[in-house]
Amino acid sequence: MSATLEDSPRLASTEVAVKLDGVRKVYGRGDRAVTALDGLDLRVAPGEFVCLLGASGCGKSTLLNLVAGLDKPSAGSIELNTSRPAVMFQEAALMPWLTAARNVELPLRLAGFGRADRRAKAAELLELVRLGGVGAKRPHELSGGMRQRVALARALAATLRVDGADAPALLLMDEPFAALDAITRDVMQGELLRIYRSTGTAVLFVTHDVREAVRLGQRVVLLSSRPGKVVREWAGSPGVEDAELTDEITARLREVISSHAAG
Ligand SMILES: Nc1ncnc2c1ncn2[C@@H]1O[C@H](COP(=O)(O)OP(=O)(O)OP(=O)(O)O)[C@@H](O)[C@H]1O
Ligand SMILES: [Mg+2]
(Lines give C-alpha, C1' and ligand atoms only; values in the text may rest on other atoms or scores of the structure.)
(Ligands and ions follow the chains in the order given, each with its own letter.)
Protein backbone atom coordinates (compact mmCIF):
# COMPACT_ATOMS: atom_id res chain seq x y z
CA MET A 1 0.00 0.00 0.00
CA SER A 2 1.21 3.50 -0.62
CA ALA A 3 1.84 5.57 2.45
CA THR A 4 0.03 8.78 3.03
CA LEU A 5 1.82 11.17 5.27
CA GLU A 6 -0.17 14.02 6.72
CA ASP A 7 2.50 15.67 8.82
CA SER A 8 5.54 14.97 6.70
CA PRO A 9 8.62 16.36 8.48
CA ARG A 10 10.43 18.93 6.35
CA LEU A 11 14.04 19.94 6.13
CA ALA A 12 15.20 23.29 4.85
CA SER A 13 18.55 22.12 3.53
CA THR A 14 18.53 20.46 0.12
CA GLU A 15 21.72 18.43 0.54
CA VAL A 16 20.03 15.37 1.95
CA ALA A 17 16.79 13.66 1.05
CA VAL A 18 16.55 11.76 4.34
CA LYS A 19 18.32 12.47 7.61
CA LEU A 20 17.98 10.28 10.70
CA ASP A 21 19.71 11.29 13.91
CA GLY A 22 19.87 9.14 17.02
CA VAL A 23 16.67 7.36 16.13
CA ARG A 24 15.33 5.02 18.78
CA LYS A 25 12.17 2.95 18.58
CA VAL A 26 10.78 1.01 21.51
CA TYR A 27 7.65 -1.12 21.13
CA GLY A 28 5.57 -1.83 24.22
CA ARG A 29 6.25 -0.89 27.85
CA GLY A 30 7.91 -2.16 31.00
CA ASP A 31 9.41 -5.64 30.90
CA ARG A 32 7.59 -6.36 27.63
CA ALA A 33 9.35 -3.46 25.88
CA VAL A 34 11.31 -4.32 22.74
CA THR A 35 13.93 -1.86 21.56
CA ALA A 36 13.92 -2.26 17.79
CA LEU A 37 16.29 0.60 16.90
CA ASP A 38 18.72 2.59 19.01
CA GLY A 39 21.12 5.40 18.15
CA LEU A 40 20.53 5.04 14.45
CA ASP A 41 22.08 7.71 12.22
CA LEU A 42 21.59 7.60 8.46
CA ARG A 43 21.69 10.01 5.53
CA VAL A 44 20.33 9.47 2.04
CA ALA A 45 21.28 12.03 -0.62
CA PRO A 46 18.71 13.19 -3.20
CA GLY A 47 18.63 10.62 -5.99
CA GLU A 48 20.77 8.16 -4.05
CA PHE A 49 20.02 4.42 -3.97
CA VAL A 50 20.76 3.01 -0.52
CA CYS A 51 20.33 -0.65 0.40
CA LEU A 52 19.80 -1.69 4.01
CA LEU A 53 20.93 -5.13 5.11
CA GLY A 54 20.60 -6.77 8.49
CA ALA A 55 19.53 -9.86 10.37
CA SER A 56 15.87 -10.76 10.62
CA GLY A 57 14.27 -8.72 13.38
CA CYS A 58 17.00 -6.05 13.51
CA GLY A 59 14.52 -3.28 12.79
CA LYS A 60 14.69 -2.74 9.02
CA SER A 61 10.92 -2.61 8.50
CA THR A 62 10.62 -0.46 11.61
CA LEU A 63 13.07 1.99 10.07
CA LEU A 64 11.15 2.16 6.78
CA ASN A 65 7.84 2.63 8.59
CA LEU A 66 9.32 5.51 10.58
CA VAL A 67 10.68 7.19 7.44
CA ALA A 68 7.30 6.65 5.75
CA GLY A 69 5.64 8.40 8.68
CA LEU A 70 3.50 5.33 9.44
CA ASP A 71 4.89 5.32 12.99
CA LYS A 72 6.79 7.75 15.22
CA PRO A 73 10.27 7.31 16.72
CA SER A 74 10.54 7.06 20.53
CA ALA A 75 13.54 9.41 20.39
CA GLY A 76 15.75 11.09 17.84
CA SER A 77 14.76 12.93 14.69
CA ILE A 78 13.79 12.07 11.14
CA GLU A 79 13.81 14.81 8.55
CA LEU A 80 12.75 14.52 4.94
CA ASN A 81 13.47 16.92 2.15
CA THR A 82 11.39 15.04 -0.39
CA SER A 83 7.87 14.78 -1.63
CA ARG A 84 5.64 12.35 0.24
CA PRO A 85 7.50 9.03 0.31
CA ALA A 86 5.99 6.10 -1.55
CA VAL A 87 6.20 2.62 -0.05
CA MET A 88 6.41 -0.80 -1.65
CA PHE A 89 6.24 -3.99 0.39
CA GLN A 90 6.96 -7.68 -0.16
CA GLU A 91 3.31 -8.28 -1.03
CA ALA A 92 1.95 -6.15 -3.84
CA ALA A 93 -1.18 -5.36 -1.76
CA LEU A 94 -3.20 -4.25 -4.77
CA MET A 95 -6.91 -3.59 -4.47
CA PRO A 96 -8.37 -6.84 -5.85
CA TRP A 97 -11.55 -5.22 -7.18
CA LEU A 98 -9.68 -2.60 -9.21
CA THR A 99 -7.96 -3.14 -12.54
CA ALA A 100 -4.19 -2.68 -12.78
CA ALA A 101 -4.70 0.78 -14.28
CA ARG A 102 -7.15 1.83 -11.53
CA ASN A 103 -4.71 0.61 -8.88
CA VAL A 104 -2.04 2.89 -10.33
CA GLU A 105 -4.54 5.75 -10.57
CA LEU A 106 -5.53 5.49 -6.93
CA PRO A 107 -2.64 7.52 -5.43
CA LEU A 108 -3.11 10.05 -8.25
CA ARG A 109 -6.75 10.45 -7.26
CA LEU A 110 -5.76 10.91 -3.61
CA ALA A 111 -3.22 13.54 -4.73
CA GLY A 112 -5.98 15.45 -6.54
CA PHE A 113 -5.17 14.71 -10.19
CA GLY A 114 -8.13 15.08 -12.54
CA ARG A 115 -9.52 12.07 -14.39
CA ALA A 116 -7.84 12.64 -17.77
CA ASP A 117 -4.47 13.28 -16.14
CA ARG A 118 -4.83 10.17 -14.01
CA ARG A 119 -5.59 8.01 -17.01
CA ALA A 120 -2.67 9.39 -18.99
CA LYS A 121 -0.14 9.15 -16.14
CA ALA A 122 -1.22 5.64 -15.14
CA ALA A 123 -0.87 4.49 -18.76
CA GLU A 124 2.59 6.07 -18.90
CA LEU A 125 3.68 4.37 -15.69
CA LEU A 126 2.34 0.98 -16.82
CA GLU A 127 4.39 1.41 -20.01
CA LEU A 128 7.41 2.26 -17.87
CA VAL A 129 7.12 -1.05 -15.97
CA ARG A 130 6.47 -2.83 -19.31
CA LEU A 131 2.83 -3.61 -18.59
CA GLY A 132 1.35 -1.49 -21.33
CA GLY A 133 -1.09 -4.19 -22.41
CA VAL A 134 -2.56 -5.23 -19.07
CA GLY A 135 -4.12 -2.07 -17.64
CA ALA A 136 -7.62 -3.57 -17.86
CA LYS A 137 -6.75 -6.78 -16.00
CA ARG A 138 -7.44 -7.35 -12.33
CA PRO A 139 -4.71 -8.47 -9.91
CA HIS A 140 -5.84 -12.13 -9.80
CA GLU A 141 -5.33 -12.33 -13.57
CA LEU A 142 -1.66 -11.32 -13.23
CA SER A 143 1.44 -13.29 -12.22
CA GLY A 144 3.28 -12.43 -8.99
CA GLY A 145 5.97 -10.60 -10.96
CA MET A 146 3.37 -8.62 -12.89
CA ARG A 147 1.62 -7.68 -9.65
CA GLN A 148 4.90 -6.36 -8.26
CA ARG A 149 5.32 -4.31 -11.46
CA VAL A 150 1.87 -2.80 -10.90
CA ALA A 151 2.84 -2.11 -7.27
CA LEU A 152 6.02 -0.40 -8.51
CA ALA A 153 4.02 1.73 -10.97
CA ARG A 154 1.63 2.63 -8.15
CA ALA A 155 4.54 3.56 -5.86
CA LEU A 156 5.98 5.79 -8.59
CA ALA A 157 2.52 7.34 -9.02
CA ALA A 158 2.47 8.09 -5.29
CA THR A 159 5.58 10.27 -5.67
CA LEU A 160 3.84 12.58 -8.18
CA ARG A 161 2.33 15.88 -7.12
CA VAL A 162 -0.48 17.66 -8.83
CA ASP A 163 1.30 21.03 -8.70
CA GLY A 164 4.32 19.43 -10.39
CA ALA A 165 6.51 20.68 -7.52
CA ASP A 166 9.87 19.11 -7.97
CA ALA A 167 10.81 18.13 -4.44
CA PRO A 168 12.98 15.06 -4.93
CA ALA A 169 10.99 11.85 -4.72
CA LEU A 170 11.65 9.04 -2.25
CA LEU A 171 10.80 5.41 -2.74
CA LEU A 172 10.85 3.11 0.31
CA MET A 173 11.04 -0.56 -0.59
CA ASP A 174 10.77 -3.38 1.96
CA GLU A 175 11.99 -6.62 0.38
CA PRO A 176 9.80 -5.97 -2.67
CA PHE A 177 11.15 -8.92 -4.67
CA ALA A 178 11.59 -11.47 -1.86
CA ALA A 179 8.49 -13.48 -2.80
CA LEU A 180 9.47 -13.80 -6.49
CA ASP A 181 11.29 -16.70 -8.10
CA ALA A 182 15.00 -16.18 -8.79
CA ILE A 183 14.64 -15.42 -12.50
CA THR A 184 11.75 -12.97 -12.07
CA ARG A 185 13.63 -11.30 -9.22
CA ASP A 186 16.65 -10.90 -11.46
CA VAL A 187 14.53 -9.30 -14.18
CA MET A 188 12.83 -6.99 -11.65
CA GLN A 189 16.18 -5.83 -10.27
CA GLY A 190 17.24 -4.84 -13.78
CA GLU A 191 13.91 -3.09 -14.35
CA LEU A 192 14.16 -1.22 -11.07
CA LEU A 193 17.65 0.05 -11.97
CA ARG A 194 16.43 1.18 -15.39
CA ILE A 195 13.45 2.99 -13.88
CA TYR A 196 15.53 4.44 -11.06
CA ARG A 197 17.96 5.92 -13.59
CA SER A 198 15.14 7.44 -15.59
CA THR A 199 13.36 9.04 -12.63
CA GLY A 200 16.09 10.36 -10.30
CA THR A 201 14.14 9.33 -7.20
CA ALA A 202 16.02 8.45 -4.02
CA VAL A 203 15.52 4.85 -2.93
CA LEU A 204 15.84 3.23 0.47
CA PHE A 205 15.71 -0.49 -0.23
CA VAL A 206 15.57 -3.19 2.46
CA THR A 207 16.72 -6.69 1.60
CA HIS A 208 18.08 -9.91 3.13
CA ASP A 209 19.92 -10.67 -0.06
CA VAL A 210 23.53 -9.41 -0.17
CA ARG A 211 23.83 -9.95 -3.94
CA GLU A 212 20.72 -7.89 -4.48
CA ALA A 213 22.03 -5.10 -2.24
CA VAL A 214 25.38 -4.99 -4.05
CA ARG A 215 23.76 -5.07 -7.47
CA LEU A 216 21.27 -2.29 -6.72
CA GLY A 217 22.77 0.05 -4.15
CA GLN A 218 25.15 2.93 -4.65
CA ARG A 219 25.62 2.43 -0.94
CA VAL A 220 25.07 -0.71 1.13
CA VAL A 221 24.41 -0.15 4.83
CA LEU A 222 24.65 -3.00 7.33
CA LEU A 223 22.59 -2.79 10.52
CA SER A 224 23.52 -4.55 13.74
CA SER A 225 21.20 -7.07 15.35
CA ARG A 226 18.42 -5.64 17.49
CA PRO A 227 18.51 -2.91 18.53
CA GLY A 228 19.52 -1.94 15.03
CA LYS A 229 22.10 0.73 14.33
CA VAL A 230 24.50 1.24 11.44
CA VAL A 231 27.61 -0.90 11.86
CA ARG A 232 29.28 -0.56 8.50
CA GLU A 233 28.70 0.72 5.00
CA TRP A 234 30.18 0.10 1.58
CA ALA A 235 29.98 1.70 -1.84
CA GLY A 236 27.93 -0.69 -4.00
CA SER A 237 28.47 -1.40 -7.68
CA PRO A 238 25.07 -0.71 -9.29
CA GLY A 239 24.31 -2.82 -12.32
CA VAL A 240 27.40 -4.99 -11.85
CA GLU A 241 27.85 -8.35 -10.14
CA ASP A 242 30.71 -7.82 -7.69
CA ALA A 243 31.44 -11.24 -6.20
CA GLU A 244 34.28 -10.05 -4.01
CA LEU A 245 32.23 -7.30 -2.40
CA THR A 246 29.29 -9.70 -2.02
CA ASP A 247 31.55 -12.18 -0.18
CA GLU A 248 32.96 -9.48 2.09
CA ILE A 249 29.53 -8.15 3.05
CA THR A 250 28.15 -11.68 3.50
CA ALA A 251 30.97 -12.42 5.97
CA ARG A 252 30.14 -9.29 7.98
CA LEU A 253 26.42 -10.08 7.92
CA ARG A 254 27.19 -13.59 9.23
CA GLU A 255 29.20 -12.06 12.08
CA VAL A 256 26.31 -9.76 12.94
CA ILE A 257 23.86 -12.66 12.93
CA SER A 258 26.07 -15.00 14.96
CA SER A 259 26.89 -12.32 17.56
CA HIS A 260 23.15 -11.99 18.04
CA ALA A 261 22.67 -15.77 18.33
CA ALA A 262 25.46 -15.87 20.93
CA GLY A 263 24.12 -12.95 22.95
N1 LIG B 1 4.18 -3.34 16.06
C2 LIG B 1 5.10 -3.97 16.82
N3 LIG B 1 4.87 -4.24 18.11
C4 LIG B 1 5.79 -4.85 18.88
N5 LIG B 1 6.99 -5.25 18.44
C6 LIG B 1 7.28 -5.03 17.15
C7 LIG B 1 6.35 -4.38 16.26
N8 LIG B 1 6.92 -4.29 15.04
C9 LIG B 1 8.13 -4.85 15.16
N10 LIG B 1 8.37 -5.30 16.41
C11 LIG B 1 9.60 -5.93 16.91
O12 LIG B 1 10.67 -5.06 16.60
C13 LIG B 1 11.80 -5.80 16.14
C14 LIG B 1 12.16 -5.32 14.75
O15 LIG B 1 11.14 -5.70 13.84
P16 LIG B 1 11.22 -5.37 12.28
O17 LIG B 1 9.98 -5.88 11.67
O18 LIG B 1 11.53 -3.94 12.11
O19 LIG B 1 12.49 -6.24 11.84
P20 LIG B 1 13.06 -6.53 10.38
O21 LIG B 1 14.52 -6.18 10.43
O22 LIG B 1 12.24 -5.88 9.36
O23 LIG B 1 12.93 -8.12 10.28
P24 LIG B 1 12.72 -9.03 8.97
O25 LIG B 1 14.05 -9.03 8.28
O26 LIG B 1 12.40 -10.38 9.53
O27 LIG B 1 11.62 -8.45 8.16
C28 LIG B 1 11.40 -7.27 16.21
O29 LIG B 1 11.88 -7.79 17.41
C30 LIG B 1 9.89 -7.23 16.19
O31 LIG B 1 9.35 -8.31 16.90
MG1 LIG C 1 11.03 -6.62 7.79
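Arginine 130, which comes after helix α3, has a positive phi, near 60 degrees. The model is predicted, and local features need pLDDT of at least 70, side-chain atom pairs count only at pLDDT 80 or more, and totals for chains, interfaces and linings use all residues. Residues are numbered from 1 along each chain as its sequence is written, while chains are lettered from A and ligands numbered from 1 in the order in which they are written.

**Helix α3**

- Helix α3 covers residues 115-128 and spans 20 Å from its first C-alpha to its last, close to the 20 Å expected at 1.5 Å a residue, the expected span being 1.5 Å times one less than the number of residues.
- Arg118, Ala122, Leu125 and Leu126 of α3 are buried, a residue being buried if 20 or more other C-beta atoms, placed from the backbone, lie within 10 Å of its own, exposed if 12 or fewer, and partly exposed in between.
- The exposed residues Ala116 and Ala120 sit on the face of α3 turned away from its buried side.

**Ligand 1**

- The shell around ligand 1 has 13 residues, the closest being Tyr27, Ser56, Lys60, Ser61 and Thr62, where a residue counts if its C-beta atom, placed from the backbone, lies within 6 Å.
- Both β2 (34-44) and α1 (60-68) give two or more residues to this shell, and α1 gives the most, with 3 residues.

**Whole chain**

- The chain holds 7 helices and 9 strands, which are DSSP runs (H or I, at least four residues, for helices; E, at least two, for strands) numbered from the N terminus.
- Buried residues make up 41% of the 263 residues.
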